[in-house]
Amino acid sequence: MSDHWLYLPGNSPAHRAPVEVKIVCAVIAIFAVVATPRELFWPFGCYALGLVALWWWIGIPLGWIAPRLLIEAPFVVLAILLPFAAGEPRTVFAGLSLSTTGLYAAWGIVAKGTLGVGISLTLAATTSVGQLPAGLARLRVPGVIVMIVVLMLRYVDVLVDEAARMRTARISRGDDPRTLRQAGATARGAGQLFLRSYERGERVHLAMLSRGFDGTTTYFGLQPATRTQWLFGLLPAATAICVCLSAWAVR
């Protein structure tokens, strides 16, 4: 299984850490960020500084990760609208009447969303796609879910390539998918892509069954994490929990 475009090859301690440790650490850290009260600003500054320091330590350039943070752009647009749409109480800023509740909500979405995406990208950048299913299996994730993840990682690039070929075929026939009048053709293309994906999935499933697949998979080549690896690997998550608890204590 080839590495995903979000993976950044390296030999840092984070790259060498067991996958299950990194998954648990990322999930705990994200929950700590989400649980932090949005009315305070300093905890999110601490999270951001810690995340940037972690990127520097494991060798992830800001120029590499910054464009990938744009995946949250739709949520940022939603957050910008909240100060205008929410109700009382209101405050005046730059001649605009803005909802105080909406401002806090917008800040919470942007801050927590950006940090959550950053943590997820850090996990993806230091974890090879081929290692992820084994880590999930060692965390006792149900086998069906692990298999879904495996197939998704294997065939998502196939579907992206198929969509790119369909788009190229449309453009070569004089179509311009960027114009609004082509919305119907775009919708039909999406439906056709869904049907092709479904048919491809059926063929793959039948091929797997014909080769003796029984719904279970065994993963080899990776050793489970030791107690020391768990201890040091969860230090970032423990730090995030401490920041979260401190924020609630001084709130």
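This is a predicted model: local features need pLDDT of at least 70, side-chain atom pairs count only at pLDDT 80 or more; totals for chains, interfaces and linings use all residues.
Ala, Val, Leu, Ile, Met, Phe, Trp, Tyr, Cys and Pro count as nonpolar, Asp, Glu, Lys and Arg as charged, and the others, Gly among them, as polar.

**View 1. The largest pocket and its lining of 33 residues.** Welcome to the largest pocket, which holds about 810 Å³ of space. Look for Cys25, Leu54, Gly233, Pro236 and Ala237, the lining residues that lie nearest the pocket centre. Two or more lining residues come from each of helix H1 (13-16), helix H2 (19-35), helix H3 (42-58), helix H6 (100-126), helix H10 (227-233) and helix H11 (235-250). Of these, H3 supplies the largest share, with seven residues. Sorted by class, the lining of this pocket has 24 nonpolar, seven polar and two charged residues.

View 2. The elements giving two or more residues here are H2, H6, helix H7 (132-138) and helix H8 (143-172). H6 gives the most, with five residues. By class, you will find 18 nonpolar, four polar and one charged residues in the lining of the second largest pocket.

**View 3. H2 packed against H6.** Here the two helix axes lie 9 Å apart, at an angle of about 175 degrees. Angles over 145 degrees count as roughly antiparallel, and H2 and H6 are therefore roughly antiparallel to each other. On the H2 side of the contact, follow Lys22, Ile23, Ala26, Ala29, Ile30, Val33 and Val34. They meet Lys112, Leu115, Gly116, Ile119, Ser120, Leu123 and Thr126 in H6. Together, the residues of this contact divide into nine nonpolar, three polar and two charged.

How values were computed. Residues are numbered from 1 along each chain as its sequence is written. Side-chain values use heavy atoms; hydrogens and water are left out. On a 1 Å grid over the protein atoms alone, a cavity is a set of points where a 1.4 Å probe fits but cannot get out, and a pocket is an open set with protein on both sides within 12 Å along at least five of seven lines; lining residues have an atom within 4 Å of a point. Grid points are joined across faces, edges and corners, and a volume is the space filled by probe spheres set on the points. Helices (H or I, at least four residues) and strands (E, at least two) are DSSP runs, numbered from the N terminus. Axes are lines fitted to C-alpha atoms, for helices over the stretch in contact, and angles run from 0 to 180 degrees between N-to-C directions. Angles under 35 degrees count as roughly parallel, over 145 as roughly antiparallel, 65 to 115 as roughly perpendicular and the rest as oblique. Contact means heavy atoms within 4.5 Å.
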